[in-house]
Amino acid sequence: MVEHFFRHEYGRLVATLARKAGLRHLSLVEDSVQGALHAALTAWTAHGPPDDPGAWLYRVAFNNLTGELRRTAGRLRILERTVGTVAEGEDPPAPSYFVGEVADDMLRMLFVCCDDAIPRHSRLVLALKTLCGFSVAEIALRLFTTEASVYKRLARARDRLRESPLDLQTPPFETLRARLPGVQAVLYLLFNEGYLSAHPEQAIRRELCDEAVHLTTLLAEHPVGAVPETFALLALMHLHAARLGARRDGMGGLLLLEEQDRSLWDRERMRQGAQWLERSATGEVFSRFHAEAGIAAEHCFAPSFGQTRWEEIAELYSMLERFAPSPLHMLNRAVAVAEWQGAIAGLAVLQGYVPPAWLVGSYLWDAVLGDLHRRAGNLEIARQHRERALASAPTEAVRELLRRRLIVPT
Amino acid sequence: MPTQKYLCLQRSSPGRQMQQPSPAQMQEMYSAFNAWKEKFKANILDMGGRLKPGGKFLGESGVTDGPLVETKELIGGFMIIAAESYDHALGIAGACPGLIAPGSGVEVREIVGP
């Protein structure tokens, strides 16, 4: 059985059946699909899987749903309006399992998840639940939050969907296009939840990255989402994911970029990333995703840490700052400038800047300053930053990395 | 090739519903079950199946609602396996994924006969 078959079937079936039944029945749809998977578990273990497992699941989920709608709606008239004319005993219409149509349904559902009316924090949770087939407990584990909080976010999303006039059938192309930046933002968030996660299990982090790549690929290959920003977003995901496997040593400890074994980087991913990056360069658009993908590409395709084109990276970071002003981007630019022109030049980038409280409280600010001051020879200042960075490190793996990196000679 | 047959009855206490497994967990269960089936394919004579709830009891006094009401644990499924010994049969049934879980267990009975 293909990896994640059950989870991905869940997403496809929910997307397709939610279109047929309408969003207000989303919970019923999810229950029907869950029931179909459960039935498969019993039937397939006893008799082996059917020739077309996807069609089998569709048929059972569809029957579950119509049965459930019949019970809850009570009147056949309502049923007919929502699911179409399905007489009892008659076979449901042939499943729309042509690749294009499933992709359509998945994307429609993705755009629904990114409805402006849904609170930002609920969008990601709704996408993880309906499109990726994660349970509430699994989402809580991945987002470092409680199950209660996931339930709450889901409930808010479902409330909004019930009120929303928008239905899966209706949004015209222009409406979808207008919502595209919101969709890209959720996909970016989904990827980063995996990529930046402090979760100790590599497989779990990788899974979220793969889901993001999967959905972004659907978007990039569909007319509604095929724009340079989406291509750049997909490029940056591939280029980051290519290096994911080399970020840890054999003991699970984090590795600095310069310590990573570059031969472990995923060549196939790098090739795909380069291809999408090339496609993203068609047209007049340059977005924050372009800048980030460019930075990732510089790192990926540098033959060694020493031969990295730091000047390019510093330039890309200042472009990124223009699109998405953030102290983190400035901090990264300082690091790139320090590699390019020396630690003093790097410190000059941060000269006079007063960091916001959240940044001072995180280990990143002190870690960078500690490193730059050490290299500039300001040992006393370096030591102070080192202490503060170690104190605020979020995980033991990060603390260990900082200890190694920020050794100050006495 | 063992010839002694054993009947395995899956029993569960009503009302003790396990939390619904997630799609990912279901796939894991599916893989685990298939691996078990493959490992013991020489021992599994009849995969049997899951029993639908309900059913009636036919006795001297005619048909009554069954299954036997005094049983606290309901029979949810059955299968027939072949094993070298009773302990061997217990081992095979015990290794079956999902059979032994909160609120569920298996009764193993030796079938008399050649």
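**Figure 1. Salt bridge between A:E68 and A:R71 in the predicted model.** The side chains of A:E68 and A:R71 form a salt bridge with an N to O distance of 3.0 Å. Both residues belong to helix α3 (residues 53-73) of chain A, where they sit 3 residues apart, about one turn of the helix. A:E68 has a relative accessible area of 27% and is partly exposed, whereas A:R71, at 61% relative accessibility, counts as exposed.

**Figure 2. Salt bridge between A:D371 and A:R374.** The N to O distance in this pair is 2.6 Å. A:D371 and A:R374 are both in helix α18 (residues 363-376) of chain A, 3 residues apart, so about one helical turn separates them. A:D371 counts as buried because its relative accessibility, 8%, is under 20%. A:R374 is partly exposed, with a relative accessible area of 24%.

**Figure 3. Salt bridge between A:R405 and A:E258.** The closest N and O atoms of A:R405 and A:E258 are 2.7 Å apart. A:E258 is partly exposed, at a relative accessible area of 40%.

**Figure 4. Salt-bridge network in chain A.** The network links A:E258, A:E339, A:D371, A:R374, A:R375 and A:R405. Among its members are A:D371 and A:R374, the pair with the N to O distance of 2.6 Å, and A:R405 and A:E258, the pair at 2.7 Å. Over all chains the count is 28 salt bridges.

**Figure 5. Interface of chain A and chain B.** Here 20 residues of chain A are in contact with 15 residues of chain B. The area buried between the two chains is about 1,500 Å², and carbon and sulfur atoms give 63% of this area. The interface has 0 salt bridges by the rule applied, while 7 residue pairs are in polar contact. On the side of chain A that touches chain B, the elements giving two or more residues are α1 (5-21) and α2 (26-47) of chain A. The largest share, 8 residues, comes from α2(A). By type, the residues of this side are 10 nonpolar, 7 polar and 3 charged. The model scores ipTM 0.80 and pTM 0.78.

**Figure 6. Confidence along chain B.** Chain B has an average pLDDT of 86, and 89% of the residues score at least 70.

Notes: Residues numbered from 1 in each chain as written. Chains lettered and ligands numbered in written order. Predicted model: local features only at pLDDT ≥ 70, side-chain atom pairs only at ≥ 80, totals over all residues. Heavy atoms only, no water. Contact = heavy atoms within 4.5 Å. Buried area = accessible area lost by both parts, 1.4 Å probe. Salt bridge = Lys/Arg side-chain N within 4 Å of Asp/Glu carboxyl O. Polar contact = N/O pair within 3.5 Å; in protein donor to acceptor, adjacent residues only side chain to side chain. Helix = DSSP H or I, 4+ residues; strand = E, 2+ residues; numbered from the N terminus. Nonpolar A, V, L, I, M, F, W, Y, C, P; charged D, E, K, R; others polar. pLDDT = per-residue confidence, 0-100. Buried < 20%, exposed > 50% of the residue type's maximum accessible area, 1.4 Å probe, protein only.
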